[in-house]
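Here is a briefing on a ligand site and the space around it. Start with the structure itself.

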Amino acid sequence: MDTLLIVDAQNDFCPGGALAAPNGNEVVPVINKIMDKFDLVIASKDWHPEESTHFEKWPLHCIRGTKGAEFHPDLRVDNINQIFLKGTEGEDDGYSAFEATNLNLEEYLKNHKADRLYICGLTTEYCVKDTALNAVEAGFATYVIEDAIRPVNVNPGDGDEAIRQMKDAGCQIVTSMNLN
Ligand code: VGL
Ligand code: ZN
C-alpha cells in the first residue's frame, strides 16, 4: 500500500509568499504528475492562528483561512483524500504532519494499512524533515522524493544537511523518475 503525503504545498511557501522556499512552486508539476501512481494521496497544511509563539521565529505565514494558507493554485486537489492541519495552537510549531490536530496521522495511516509512505512538498529542512523522521519512528517504510521538495535555506546548505539527516535516520531518498 503506497501512500503519497504532500507536505504544506501552500502559497506562503512558494515564491511571492510570506516564507517562500526559492523555486518552491517547482514541486507542484512533479507532484501532479506522480499522484496517480499511489493507492492513497493525503496532504498536510500549516494552519496557524494569528497569534502564536511560532511567529517569534518566523514571519507571519499560513494563517488559517487566508490566501497564503491555500494550496498552490496549480496543485491537483481532486484526489487528495484527507487534509491534516498542524501548527493550529498558539504554542505549537507543528512542523511535523504527525502533529496534526484535526486527525491523528499515524492512526489514519495504520487504519488504511499504509506501510510505504512517500513524502514530498515544502519545506525540506522543517516540515518535510520532521514529518519524515516521525514516519521512520512510527515504523513506516519512508521515502522522500528529492525532486519534489525544496528548502528555505535560511542558511546556505540547510536543505542538503536535512537530506543527510533523513538518510541517516533511515529514509530512502528517491526521485520521481524512479517510481514505478
Ligand atoms: C514550515 C517554517 C515554519 C514548513 C512551517 O512547512 O516547512 N517552515 N512553518
Ligand atoms: Zn509555520
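A cavity is a set of points, on a 1 Å grid over the protein atoms alone, where a 1.4 Å probe fits but cannot get out. Grid points are joined across faces, edges and corners, and a volume is the space filled by probe spheres set on the points. A search of the whole structure finds 1 cavity of 30 Å³ or more. This is a predicted model: local features need pLDDT of at least 70, side-chain atom pairs count only at pLDDT 80 or more, and totals for chains, interfaces and linings use all residues. Residues are numbered from 1 along each chain as its sequence is written, chains are lettered from A and ligands numbered from 1 in the order in which they are written, and side-chain values use heavy atoms, with hydrogens and water left out.

**The cavity**

- The largest cavity holds about 80 Å³ of space.
- Its lining (residues with an atom within 4 Å of a grid point) includes Phe13, His48, Trp58, Tyr95 and Val152.
- That lining divides into 7 nonpolar, 4 polar and 1 charged.
- Here Ala, Val, Leu, Ile, Met, Phe, Trp, Tyr, Cys and Pro count as nonpolar, Asp, Glu, Lys and Arg as charged, and the others, Gly among them, as polar.
- Ligand 1 takes up the space of the largest cavity (more than half of its atoms lie within 2 Å of the grid points).

**The ligand shell**

- Residues around ligand 1 (a heavy atom within 4 Å) include Asp8, Leu19, Asp46, His61, Leu122 and Tyr126.
- This shell around ligand 1 splits into 7 nonpolar, 3 polar and 2 charged residues.

**Polar contacts of the ligand**

- For the ligand, a polar contact is a pair of N or O atoms within 3.5 Å.
- An N or O atom in the side chain of Thr123 is 2.7 Å from an oxygen atom of ligand 1.
- A polar backbone atom of Cys127 is 3.0 Å from an oxygen atom of ligand 1.
- A polar side-chain atom of His54 lies 3.1 Å from a nitrogen atom of ligand 1.
- Ligand 1 taken alone exposes 260 Å², and the protein buries 100% of that (Shrake-Rupley method, 1.4 Å probe).

**Backbone geometry**

- Most residues other than glycine have a negative phi, and most peptide bonds are trans.
- The peptide bond from Leu122 to Thr123 is cis, with omega near -10 degrees.
- Thr123 is found in the loop between strand S4 (116–122) and helix H3 (124–137).
- Asp8 has a positive phi, near 50 degrees.
- Asp8 is placed in the loop between strand S1 (2–7) and helix H1 (27–34).
- Helices (H or I, at least four residues) and strands (E, at least two) are DSSP runs, numbered from the N terminus.

Technical notes: A polar contact is a pair of N or O atoms within 3.5 Å; within protein, one must be able to donate a hydrogen and the other to accept it, and residues adjacent in sequence count only if both atoms are side-chain atoms. On a 1 Å grid over the protein atoms alone, a cavity is a set of points where a 1.4 Å probe fits but cannot get out, and a pocket is an open set with protein on both sides within 12 Å along at least five of seven lines; lining residues have an atom within 4 Å of a point.
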